[in-house]
Every structure is written in C-alpha cells, then in structure tokens.
Amino acid sequence: MLSRRFILGALSAAALVGSTPAMAQDEIYIPLISKGFQHQFWQAVQLGAERAAEEFDVRITFEGPDNETMVDRQMDMLAAALANNPAAIGFAALDSQAAIPLLRQANEAGIPVIAFDSGVDSDIPLSTATTDNVAAAALAADRMAELIGGSGQVAVVAHDQTSRTGIDRRDGFVNRIAEAYPDIEVVTIQYGQGDHLRSTEVATAILIANPDLAGIFGTNEGSAIGVVNAANELGTEGVVIIGYDSGAAQMQAIRDGVMAGAITQNPVGIGYETVRAAVAALNGEELPEIIDTGFYYYDASNIDDPEIAAVLYD
C-alpha cells in the first residue's frame with residue numbers, strides 16, 4: 001500500500017488523461033473508465049492504477065464523466081475506449097445494466113473486462129475489484145445504533161439507486177438496521193446523486209421534516225458532505241452523522257465533531273488491483289470473481305492511526 005505522504009504528494013500532480021495517442025505495436029494499453037473524477041476518491045483510485053501500470057509495464061488512461069449522473073457520457077467514453085482496440089479494459093459502472101451491450105461487444109472481441117468499485121449485472125467482467133459494500137454499510141449501521149443508544153429514527157442520503165455501490169450501501173445499512181435493531185426506524189431514503197449541492201438540499205429537507213431524527217447515513221463522499229453542510233446551515237445539534245469515504249471535508253468534520261465517523265475504502269488498492277487483474281487476465285491466469293480491497297471505520301479516536309491514515313485521501 002502507498003504511504004499517506006506519497007498519496008498526498010502525487011494527488012497534487014495527478015492529471016486525468018482523456019485522449020489516446022497512437023500506441024507502439026508492442027505496447028499493452030488498458031483504459032480505465034471510472035464513474036467520475038471530481039471526488040478525491042477517484043483521484044486516489046487513479047494513483048493506484050498508475051502505480052500498477054508502472055510496475056507491470058503497461059500504459060493506462062483514466063477518465064470519467066463530469067459527474068456521476070452522466071450515464072450516457074460514460075457510455076460514450078466506454079465506446080470510444082473499445083474503438084481503440086485495447087488489450088483489456090477496466091470499468092466502474094454508473095448504471096449496473098446500461099453498459100452490458102458494450103461489454104458484450106468487448107467480450108466478443110476477446111477484450112478482458114475488469115470491473116472496479118461498482119460492478120455490473122452480468123458475468124462478463126472476469127473479476128471486480130471492490131469494497132464489500134454490504135458489509136461496510138452494515139458496520140456503519142452498527143456504529144449508528146451504538147451511538148444513538150439502540151433506538152430512534154434515522155435516515156439515509158444515498159448517492160444513487162442504479163449503481164452497484166449505491167444499491168449495496170443503501171441495502172447493507174437498511175437491512176442491518178431491520179434485522180438487528182427493532183427499535184430503530186429508517187424514516188426515509190433520499191438520493192443526492194453524489195453531488196454536494198444536491199445532497200445538501202436533500203439532507204436539509206430531511207432534517208426539517210423530521211425534527212426527532214437521531215441519525216443520518218451518507219453513502220459516499222458527496223452524500224456525507226451534503227449532510228454535514230445541511231446540519232451546519234440549519235444549526236442542527238444532536239443528530240449522529242456517519243459517512244462513507246474520506247476526503248478533506250469529511251476528515252475535518254470528524255475532527256470538528258460534526259460527523260461521528262465514516263467508512264473508508266482502499267481506493268489506491270482498488271486502482272492497483274484493477275490493473276493487476278487485467279494484466280493477469282492477459283497472461284491467462286484465473287481470477288477470483290471478487291477482489292475484496294477492504295474497508296475500515298474511522299472516527300476521532302483512530303483517524304491518525306497509521307493503518308487508517310494510509311487509506312484516507314484528502
């Protein structure tokens with residue numbers, strides 16, 4: 001795993017690559033199409049992919065749409081990447097079904113597909129490098145239950161209901177509450193598209209409509225910061241906020257006591273394992289269906305621990 005110092009230094013210099021110049025005949029080219037690039041999470045994924053590309057002597061490009069609602073734009077990027085006849089491709093789906101026709105074309109052309117972060121409803125990807133989002137969100141539910149004393153009303157601000165990550169984090173949290181905490185009620189689930197502004201609007205409406213709310217879970221970086229923004233703007237106190245991912249704003253919110261804690265993934269590991277798996281597929285190696293890249297819960301008590309600090313990204 002990369003050190004925190006390396007991650008921070010490289011983030012400042014990272015640049016997303018969109019175009020694909022002519023390749024040398026013997027060059028192995030692997031494009032990665034992500035869900036976006038505006039969140040620090042995706043910049044960290046890119047760093048991991050670049051690390052693997054250097055180690056395995058392949059060339060990658062990394063790009064995604066301007067925001068995580070632009071499914072059509074992502075399909076255009078995927079189609080353009082396939083038109084360049086890559087050796088393999090990495091893909092993080094905004095919509096778990098929309099890309100299947102294009103991925104089928106890749107499969108028919110003999111181009112190995114590795115999913116990352118968010119899989120698709122298909123067996124075409126040879127492997128998916130991802131967090132166990134169901135288990136991670138269930139851990140968030142456990143922490144929420146502990147912090148609100150095992151009873152009360154909670155809400156969810158999710159980033160979407162079409163991607164595998166959006167579905168799994170929502171359901172992992174809600175199902176854990178339902179099965180283990182009968183005195184906790186999930187009063188509403190709203191969607192902010194992973195956008196800070198939209199998530200702020202959604203969370204504001206939830207807080208106003210539910211004055212007795214005990215907690216809110218935000219399912220990604222944009223969702224969680226939206227909840228924090230809403231609580232700050234309304235002057236809300238006493239509502240437990242648990243987030244997902246990290247980034248500078250979430251980390252500061254935890255240090256300030258506005259957010260109780262959050263789940264962090266291992267984004268550098270996700271990027272690294274995606275490229276490593278693509279190279280392994282090209283070498284004829286058998287891959288596991290899921291490459292579990294791990295997750296951690298962090299709060300003010302452990303945010304500076306070396307194990308946690310190494311997988312936080314700001």
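How accessible is Arg164, and does this residue count as buried, partly exposed or exposed? Arg164 counts as partly exposed, at 27% relative accessibility, where buried means under 20% relative accessible area, exposed over 50%, and partly exposed in between (1.4 Å probe, protein chains only). The model is predicted, so that local features need pLDDT of at least 70 and side-chain atom pairs count only at pLDDT 80 or more, whereas totals for chains, interfaces and linings use all residues. Residues are numbered from 1 along each chain as its sequence is written, and side-chain values use heavy atoms, with hydrogens and water left out.

The structure holds 10 salt bridges, each defined as a side-chain nitrogen of Lys or Arg within 4 Å of a carboxyl oxygen of Asp or Glu. One of them joins the side chains of Asp121 and Arg164 (3.4 Å, N to O), linking distant parts of the chain, 43 residues apart. Asp121 is partly exposed at 37% relative accessibility, and a network of salt bridges links Asp121, Arg164 and Asp168.

A salt bridge also forms between Arg59 and Glu27, with the closest N and O atoms 3.1 Å apart; Arg59 is buried, with a relative accessible area of 18%, whereas Glu27 is partly exposed at 29%.

The side chains of Asp142 and Arg176 are joined by a polar contact of 2.7 Å, the term denoting a pair of N or O atoms within 3.5 Å, of which, within protein, one must be able to donate a hydrogen and the other to accept it, while residues adjacent in sequence count only if both atoms are side-chain atoms.

Notes. Helix = DSSP H or I, 4+ residues; strand = E, 2+ residues; numbered from the N terminus.
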